[in-house]
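Me: I would like to learn how to read a sheet and a helix packing in a model like this one. Could you take me through it step by step?

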Amino acid sequence: MSANLFSATYRQARERFLDAARASGAAIRSHVHPRKGAEGEEIAMDAALIGPADASSLFIVSSGTHGPEGFSGSACQLGLLGDSLATRAGQNDTAILLIHAVNPFGFSHLTRTNEDNIDLNRNFNDFSQPYPPNDTYEEVHPLLVPAIWPPSDADEALLATRMQELVGRRTPGVSSGQAVHPDGLFYAGTAPSWSNSTVRAILREHGAGRRHIAWIDVHTGLGPRGHGEKIFGRHSAETQARAMAWWGRDLIVSTMAQSVSPRTAGHITSCAPQECPDAALTPMTLEYGTLPNPDVRRALRGEAWLFGHPDAPPAVAAAIKRAARDAFYVDADDWKGMILGQFRALALQTLNGLAQP
Ligand SMILES: [Zn+2]
C-alpha cells in the first residue's frame with residue numbers, strides 16, 4: 001500500500017474504486033444519487049462484494065459517511081482491493097463488502113454533511129421518537145454559526161471561552177447531535193436520508209443469511225494526527241470482549257470518558273442488527289486524527305454557515321471548501337502511510353477474527 005492510493009477528488013476516487021473492483025472480479029452495484037457532484041458528475045454509493053456470495057461471514061468496510069473523510073476510507077478500500085488479504089478471505093468462508101461513498105454528495109462537494117446538511121452519523125434514528133434535546137448545543141449555536149463569515153475575533157474569543165466552560169459537561173455534548181437547527185452542526189434530520197435508506201438496502205442484499213458481520217466505518221477529523229482510534233459503541237459484554245480480543249485492549253468504548261468521540265444517537269452501524277437480525281455483529285468506527293480540534297470545528301462551522309448562505313461570494317465559499325478538505329484529509333505522505341498501515345493491520349485482525357469458529 002502506498003500514498004498514491006489517495007485520490008484528489010471524489011470523481012477520481014470513484015473511478016479508481018470501480019476500476020479496481022472490476023479488476024478483482026467483484027460483484028458491483030451502483031446506487032445513483034439524485035443530485036450531481038461538484039464537477040457535474042454522476043455521484044453514487046457503490047457497493048462491491050468480493051468473494052463467495054454465500055460465505056458465512058462478511059467483512060464490511062464503508063467510506064465517506066462524512067463526505068471528505070472519504071478520501072481516507074476510499075484509499076483503505078482501494079488498498080484492500082489490491083491486497084492478497086482479500087483473495088485469502090474467500091478461502092476462510094468470508095466475503096468482503098466495500099461500500100464506497102456513503103455520502104457521495106458531501107464527498108464530491110467537500111461537506112461533512114449530506115445534501116440536506118444532515119450529519120449521517122446522527123441520522124440512523126427511530127424517527128417515531130423525538131430526538132433527544134441538546135441544551136449544550138443550544139447554548140453555543142449562535143456562536144458556532146454566526147450571521148457573518150468569517151466570524152469576528154471577539155466572537156471567536158467568546159466561543160473559545162464557552163467551549164472551555166463546557167469541557168467535562170458531556171451529556172449531551174455539543175457534537176452529540178441536534179434536530180432543532182437544520183442550518184446548524186451535527187443536525188440529525190427529521191427522517192431517514194437517502195444514504196440511510198440506501199445503506200439499509202445494501203445490508204439487506206448482502207447481509208442476509210450471514211452468521212457473522214464485522215463492519216469498519218472509516219472516519220477522520222478527531223484525535224491525534226495520524227492515530228487511528230478504534231471506537232466501539234454500546235454493545236453486550238460478549239460482543240465487547242470479542243472486539244477487544246480481535247482488535248486489542250486499546251479499543252475505546254465510546255461511552256468511556258477518554259474517547260475522542262462524545263455519545264451520539266443515530267450512528268450508522270446501529271442499523272445492522274435491524275437489517276441483519278440473524279448475524280452476530282462486530283462493529284468499529286475507525287477515527288483518524290487530522291488537525292487540532294478547534295481547526296476542525298472551525299471548518300464544520302464554515303460548512304454550516306455556507307449551507308445557510310448559498311449565495312455567498314465565490315471566494316468565501318472556496319475558502320470554506322478548502323478548509324473542509326484540509327480538516328479531514330492531510331495531504332502528506334507520512335500521514336497517508338499511517339492511515340494505510342493501521343488499516344491493513346485492522347483488516348488482518350478482522351479477517352482472522354471472522355475465521356474463528
Ligand atoms: Zn466522521
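Me: In which sense do strand 3 and strand 5 pair, and over how many bridges?

Reply: Strands of a sheet pair through backbone hydrogen bonds, either parallel or antiparallel. This is a predicted model, in which local features need pLDDT of at least 70 and side-chain atom pairs count only at pLDDT 80 or more, while totals for chains, interfaces and linings use all residues. Residues are numbered from 1 along each chain as its sequence is written. Helices (H or I, at least four residues) and strands (E, at least two) are DSSP runs, numbered from the N terminus, and two strands pair if DSSP finds at least two bridges between them. Here strand 3 (residues 57-62) and strand 5 (residues 212-225) pair in the parallel sense over six bridges, and Phe59 stands opposite Ala214 in strand 5.

Me: In what order do the eight strands form the open sheet, and which are the edge strands?

Reply: The order is 1-2-4-3-5-8-6-7, with mixed pairing; the edge strands, each pairing on one side only, are strand 1 (27-36) and strand 7 (252-253).

Me: At what angle do helix 2 and helix 12 pack?

Reply: Axes are lines fitted to C-alpha atoms, for helices over the stretch in contact (C-beta atoms, placed from the backbone, within 7 Å), and angles run from 0 to 180 degrees between N-to-C directions. Helix 2 (residues 70-81) and helix 12 (residues 333-355) pack at about 55°, with their axes 10 Å apart. Helix 2 is therefore oblique to helix 12, since angles under 35 degrees count as roughly parallel, over 145 as roughly antiparallel, 65 to 115 as roughly perpendicular and the rest as oblique. Among the residues making the contact are Cys76 of helix 2 and Phe343 of helix 12.

Definitions and conventions: Two residues are in contact if their C-beta atoms, placed from the backbone, lie within 7 Å.
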